[in-house]
Every structure is written in structure tokens, then in C-alpha cells.
Amino acid sequence: MVVTIRSLGLTGVSGYGVAVECALTGGLPAFDVVGLPDAAVKEARERVRSAVKAAGLKFPVSRVTVNLAPAALKKEGTVYDLPILLGLLAAQGDIEAPGEGAAFLGELSLTGALRPVKGVLPMAMAAARLGVRELYVPAENAPEATLARGLTVYAVPDLPALLRHLRREALLPPAAPFVPAPSGEPGPDFADVMGQENVKRALEIAAAGGHNILLIGSPGAGKSMLAKRLPSILPDMTEGEALEATEIWSVAGLTDPGHPLLERRPFRSPHHTLSAAAMVGGGASPRPGEISLAHHGVLFLDELPEFQRDVLEALRQPMEDGEVTITRAAGSVKLPSRFMLVCAMNPCRCGWYGHPSGRCRCTPQQVERYVQKISGPLLDRIDLHVEVPSVEFDAMRRRERPESSAAVKQRVDAARRRQQARFGAQAVCNAQMTPDMVGRYCALDSAGERLLRAAFDRYGLTARSHDRVLRVARTIADLAGAEDIAAEHVAEAVQYRNTDILKG
């Protein structure tokens, strides 16, 4: 007899349906799992065997064959423990086979308790698309699974409770949909930063338009402090953005079981020793890297020149496309990676070049060699290059409190609303404008044309940087509430493309 139990699997950050087929046949006792299982799936044999005996049931003394279809896709992890066990019990007549509308997933302990698994949200969303009506998951995964609409989710604590439910002896209650509670923890605030008003203005522009930004300054000037406060002025995530980001974090196993939905935009700050695979994602079965974990949020690279060159160059294509394609022998997957890149660096290796104290002893050649660790193509993709000067004593000791993040966020939200009204479904923010949209929405008057032409010739702007200047100018106009881009908006945008600050 062959019994089929519905389950789910993962490829990249997307779920897909898996049919777990269990057959009991005559012959010497054996337990085989086929369908491209990895080591963790094969080890399900021992977990299932022990869980069946712990539940007081008899393990079949026959040849057991389990096929995970589609057999051409590699199966990974412990997610198939529960459906394999149910298929085995149904095949020997201990329970009635569940209907087509039910799907099961979860890892079994040797005692029959269910342990949580990774990637439940994308699998639950795939189940809803495939017409599954009831999804049975470990109890800790239930709040996350309820984020997928159109499913009745059952939180399964252990095997005996599930068997009583399937036999209609004691029904499990459906899991209540997860409702986010307001977080009472205040994040880092711009009001903590004394001085640096010009840098705060640049970060406000970056947040309003979704632009990439590079902060250059000596140690202790506040680069990292300012960057870590950028999420506090970014617009709130929409429901769709929150679900997309949560799917990626779920696959990576980073979600909180008690609060599974990401409500704040991600802020990822990887150490400069990470590899290219850790940055963009990879592995035999590709998993999301830092750029995907920062999807709809901020990727902060502190000490930019200290990163390996291949790591930085790997960012170029995802910054343009908003996704990264990882190809392996078994196939390729696309991982979303639409993030704001925020970088910070010192002006030289010792860090003190241009500091009023005059303590730097680097030669011009050493300074140039240090800066050249950042390639021109990468620098061309960063919209704003901002100098972070040393903070003066009077600014540190002033009594009045600086402007709060809440006040800045109001202006950023207003600018984003103007962009949404302008673009509709075409784009989310100015940084995502296509060349055609730049030509349509970034028209200049004669004074703006002359100013941009002069900057193009003086700084040797590329076609890409030309469009990026216009996008930044459009954002500055939006912050000012202006319908058209004026010469002063272009002038402010051009000053953020002055790469001479990279050479002191």
C-alpha cells in the first residue's frame, strides 16, 4: 500500500510542494528514503523509529520505502520527519490517511515531541498558493505560519496530541493569527548626536530617496553612530515588505518565535572579515547572505577599505538589479537584495589625514593607495559622498537638544508620499527610477542645465553618476515640497558627488 502525505520544501527563499510517498512491501526489513535526500533527511529513519515506539505504536517489520517527490530537487533538513512518520502509520493502518487539503512539517525528537524548523513562513505561503487548507507545524513555528493568509494552522506539541487529533479523539485548536504588539523599546535617536548637521542633512536625503551613501571622516567623528541611527528615520515597512523580509530571515533561522514578523527595517553590519559567499549568499544549496538579510533595510559596511576586494565587487550587480542570482551545478536561484548601502571609512590608514590635530604622518601616495582600495565602479554606484568633520568642543557641550529622529522622519515620510503619488506601482522611491523615468520626472530649467553641465565636465561624471545626481536632486526637491527641480536642488546634489574629498 502506498500513502501520500503533503509537505513543503525550500529552494532559495521560496517554498514548493513536496509529496511524501510511503510504501510497505514484503522482503527483508529495511527503511530507505529516496528523492535526493541529504544526510539530515536520511537520518529521519532513526528519529521516526524512536518516535513511533515512544508513542506506544508498533514499527512495521517490513520493507519501508519513502519517496520525496519531485525527486529531481534536493531535499534538505529535518522538515520531513513528521510527514514520513504519518505516511508510515497510515500505510500500516494505524491512522486514516489525511486528506489532500492538509500538509505537515516538523522535526521529531526521539520522544515524539516536535521541534521547530527553519523557513516556515515561505513554506506556509507556498502551501496557501497550492490550495492547502490545513497546515500542521511545531508549536513554536505556529505564530510564524499564521502570517500566511488563507490557512488554518495547527500548533502540534507532540506526536500523541497529533494522533488524537487525527483520530478525532481530542481536537487541536487552530492557532490564533499573530498580531504584532507595539514595541516599547526606543531605538537609537538622532537627538543623541551633537553637531554634524550637514551629515544629518545628507542622511535625511538618503532616507527620503533610498540612496546609497558613503561617510568619510577621522576616528571618533560619529560615522558609525550616525549610520546606526539611519533606520530611525526610514519610512515604516508596508505589510508586503515586512513579509518579504521575514521570509528571508525565516530561511536563515533568525526570526524570534515569540515575535516572528519583522516590523523594523533590517540593519545589517557585517564584519570586514566575511567572505564573498557570506555577503551575497551561497553554499551547495544557496542560502541568503548579508545583502539579502538587508532586503528592504540597510547594509552598513564600516571600515570600507578593509573589506576584501572580491567582497566589495560582488555588490555591484545586486545594487543595480535589486536581486542576486546564484548558480550552482544543480541549478540557480534568485535571492532578493534591494537594500540601502551605507559605508563608512577613514581618509587614510592611520585615520587622521586632514584632522586639525595634525597627527597624521601618511604621505600623499599612501593616502591615495588606501583610497584606491575602493574601485571606481563601486564608488560610482554610491549616490552621496559625505565628509564627516571632527566635532568641535562647543558643539559637544551645547545645552539645547538636537532635532529628534521623529521630527526628521516626518519630513522623510512626506517626501516618500510625494514619490508614491508620482510613481504609483512603477517604483517605491527615487533611487529606483529607471533611465526612462529619470528623463520624465527630472526635467531641469536652463539654470539647472548649465550647473549640471559644468559639474559633468569638472568632475568627469559618467552616464550613471549623471542620472544619480538627478535622482538625488529630485529627492531634495521632494523634501522641499517643490514640484520642479530648481538650480539650488541640483547644486546641493552635485556637492555630494565631489570625489575630491576621498583624497583629502
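The structure is a predicted model, in which local features need pLDDT of at least 70 and side-chain atom pairs count only at pLDDT 80 or more, while totals for chains, interfaces and linings use all residues. Residues are numbered from 1 along each chain as its sequence is written, and side-chain values use heavy atoms, with hydrogens and water left out.

Along the principal axes, the C-alpha atoms fill a box of roughly 85 × 45 × 45 Å. Of the 504 residues, 52% count as buried. Here buried means under 20% relative accessible area, exposed means over 50%, and partly exposed lies in between, with a 1.4 Å probe and protein chains only.

A salt bridge is counted where a side-chain nitrogen of Lys or Arg lies within 4 Å of a carboxyl oxygen of Asp or Glu. By this rule there are 25 salt bridges. One of them joins the side chains of Asp81 and Arg47, at 2.6 Å from N to O. This pair links distant parts of the chain, 34 residues apart: Asp81 belongs to helix H3 (residues 81-91) and Arg47 to helix H2 (residues 44-54). Asp81 counts as buried because its relative accessibility is 0%, and Arg47 is likewise buried, with a relative accessible area of 12%.

A salt bridge also connects Glu239 with Arg149, where the closest N and O atoms are 3.1 Å apart. Glu239 is in helix H9 (residues 239-251), whereas Arg149 is in the loop between helix H5 (142-145) and strand E9 (152-156), so that the pair links distant parts of the chain, 90 residues apart. Arg149 is exposed, since its relative accessible area is 59%.

Arg381 and Glu320 form a further salt bridge, with the closest N and O atoms 3.4 Å apart. The two residues are 61 positions apart in the chain: Arg381 lies in the loop between helix H15 (376-380) and strand E18 (384-387), and Glu320 in helix H13 (residues 316-321). Arg381 is buried at 9% relative accessible area, while Glu320 is partly exposed at 36%. Both residues belong to a network of salt bridges that links Glu320, Asp380, Arg381, Asp383, Arg464, Arg468 and Arg497.

Ser218 is buried, with a relative accessible area of 6%. Its side chain makes a polar contact with the side chain of Ser390 at 3.3 Å. Such a contact is a pair of N or O atoms within 3.5 Å; within protein, one must be able to donate a hydrogen and the other to accept it, and residues adjacent in sequence count only if both atoms are side-chain atoms.

Turning to the backbone, the peptide bond from Ala69 to Pro70 is cis, with omega near 5°. Pro70 is found in the loop between strand E4 (63-69) and H3. Leu36, a residue other than glycine, has a positive phi near 55°. Leu36 lies in the loop between strand E3 (30-34) and helix H1 (39-42), and counts as partly exposed at 44% relative accessibility. His296 is not a glycine either, yet has a positive phi of about 65°. The loop that holds His296 runs between helix H11 (290-293) and strand E14 (298-301), and His296 counts as buried at 14% relative accessibility.

Key:
Helix = DSSP H or I, 4+ residues; strand = E, 2+ residues; numbered from the N terminus.
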